[in-house]
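Subject: Model for you to look at

Hello,

Here is the structure I promised.

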Amino acid sequence: MAEVRPPSLYEAEAYAELLTISFGLAPDQADRLVQEHLPDSVRVAVADGAVMAGLLTDRQAQSWGGRLVPVACIGGGAVAPESRRQGWAFHLLRAVLGEHRTQGTALAALYANNPQLYRSLGFEQAGLRWVAKVSPAQVGGTATAAVVRRLTPQDLPAMKAIYRQVVLNRRDGALERSDRRWRRALGLQSEGRPWWVGAFDDSGALTGYIVWRGQGTIPKLSAVVLDFVAGSVAAATALRGVLSQLSSTVQSIELATAPDDPALWWADSARPHLMERLFIRVLEPAGAVGQWGFPAAVDQALHGTWADPIFPDGDGPFTLEVSSGRGAWTQGGPGGARLTPRALAALLAGRVAPAELAILDGPSLGSGTPWSAVFPRRSVWMRDPF
Ligand SMILES: CC(C)(COP(=O)(O)OP(=O)(O)OC[C@H]1O[C@@H](n2cnc3c(N)ncnc32)[C@H](O)[C@@H]1OP(=O)(O)O)[C@@H](O)C(=O)NCCC(=O)NCCS
């Protein structure tokens, strides 16, 4: 059909044009985004010398059950408007997934506004990214609850350490950010100047930080929070206090959080401003299961039959053994419930209970079975866009 490969400079420009027309990015913004991903993390589908489609792909690691699983984060998928519904997106994605699979990346992730397309490639919903909009007055807090000061690049190691401790080690779905992702979380990639503020305890240790940038102009000025990490009540209260003091010029504050995030309980009427669905794809079950964090108290062997419609080379009976929080997937065994990549993604992400899988066209695994012990429900709220 077409060749899928890293773009030449001319093809990179053509892909940037697709980003502009598809997502409404300003041309220089699209150019910068593509440049930042060149050469390794851009793929285009080229036919007869024309760029039909392109995407960005960033290899990171994702926290699941307290362990880190390598994941290919995919974004910026765009097909030339006049060539849509001809299979270009499917073709490009299948090639890119195959490439990551060959390199040993066990998982792929993306935000889906077109679930049908991604489900046909074996992705399933794993979580949500929920951006709330609140007024500064709703944020409350008291800036003097901790020592606060503006942070500088010298504080970066401490910021990364507290992110790891408070977010990465505790929240399913959190990313061990690539350098590129960190630049975005720190506001270094975006238009405008970011502002970083940290909260410190009595011993002078960083206990939380906030990163935001202004968007728009008065009277519609917003503060877009790019990262908010608080490891103590004092840090959360102080950083909220800093945000609430923006009220004289800032009309609204946007931040990625969860509807039931304890840090948001103070905001009675946080309105959802944006909601994106995170989908994941198990590229290689043995790799994903071997790196996943399972419930520590479970000691269980499960049997089933693996069926991957896109990459069928590992199809057949499998045995999944879970012990001391670790999983091992081996080929062979008596077989059993037919598990597809979609079903396994839903189970691993804990977005559905095994008994609910039938709703997704998956096998009927019943409640109170060994499957329920191995695959508990999890709640994934993403903070990073990609
Ligand atoms: C979304 C997009 C990438 C799809 O590209 P495409 O080449 O048209 O997709 P494909 O032809 O490979 O579609 C494969 C399947 O996906 C589904 N699909 C694709 N576009 C769809 C649409 N607009 N509505 C519903 N289903 C759609 C269909 O099931 C389709 O199979 P079918 O055509 O046999 O019914 C393209 O519309 C696009 O560039 N949109 C703007 C940017 C964007 O939304 N990117 C995705 C961000 S998550």
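The buried residues of helix H8 pack against helix H5 (136-139), strand E7 (147-150), strand E9 (194-200), strand E10 (206-215), strand E11 (222-230) and strand E12 (252-257). Contact here means heavy atoms within 4.5 Å. Helices (H or I, at least four residues) and strands (E, at least two) are DSSP runs, numbered from the N terminus. Buried means under 20% relative accessible area, exposed over 50%, and partly exposed in between (1.4 Å probe, protein chains only).

This is a predicted model: local features need pLDDT of at least 70, side-chain atom pairs count only at pLDDT 80 or more, and totals for chains, interfaces and linings use all residues. Residues are numbered from 1 along each chain as its sequence is written, and side-chain values use heavy atoms, with hydrogens and water left out.

Back to H8. Ten of its twelve residues are buried. Among them are Ala235, Leu239, Val242 and Leu243. The helix covers residues 233-244 and should span 16 Å at 1.5 Å a residue; its end C-alpha atoms are 16 Å apart, which agrees. The expected span is 1.5 Å times one less than the number of residues.

Helix H10 (residues 341-349) is also mostly covered, with eight of its nine residues buried. Those include Pro341, Leu344, Leu347 and Leu348.

Now the ligand. There are 18 residues around the ligand, and Gly77, Val79, Arg85, Gly87 and Phe90 come nearest. A residue counts as near if one of its heavy atoms lies within 4 Å. The shell divides into nine nonpolar, seven polar and two charged residues. Ala, Val, Leu, Ile, Met, Phe, Trp, Tyr, Cys and Pro count as nonpolar, Asp, Glu, Lys and Arg as charged, and the others, Gly among them, as polar. Helix H1 (9-23), strand E4 (67-79), helix H3 (88-102) and helix H4 (115-120) each supply at least two shell residues.

- Arg85: a backbone N or O atom lies 2.7 Å from a ligand oxygen.
- Trp88: a polar backbone atom is 3.5 Å from a ligand oxygen.
- Asn114: a polar side-chain atom lies 3.2 Å from a ligand nitrogen.

Taken alone, the ligand exposes 900 Å², and the protein buries 71% of that. Areas come from the Shrake-Rupley method with a 1.4 Å probe.

Next, backbone geometry. Most residues other than glycine have a negative phi, and most peptide bonds are trans. Arg85 has a positive phi of about 60°. Arg85 sits in the loop between E4 and H3 and is exposed, at 85% relative accessible area. Ser324 has a phi near 50°. Ser324 is in the loop between strand E15 (316-323) and strand E16 (326-331), and is exposed at 60%.

Two cis peptide bonds to check. Leu38 to Pro39 has omega of about -5°, and Pro39 lies in the loop between H2 and strand E2 (42-47). Ile218 to Pro219 has omega near 10°, and Pro219 lies in the loop between E10 and E11.

Last, His37, in helix H2 (residues 27-37). His37 is buried, at 4% relative accessible area. Leaving aside residues up to four places away in sequence, His37 touches Val42, Leu56 and Arg180.

Best wishes

Technical notes: A polar contact is a pair of N or O atoms within 3.5 Å; within protein, one must be able to donate a hydrogen and the other to accept it, and residues adjacent in sequence count only if both atoms are side-chain atoms.
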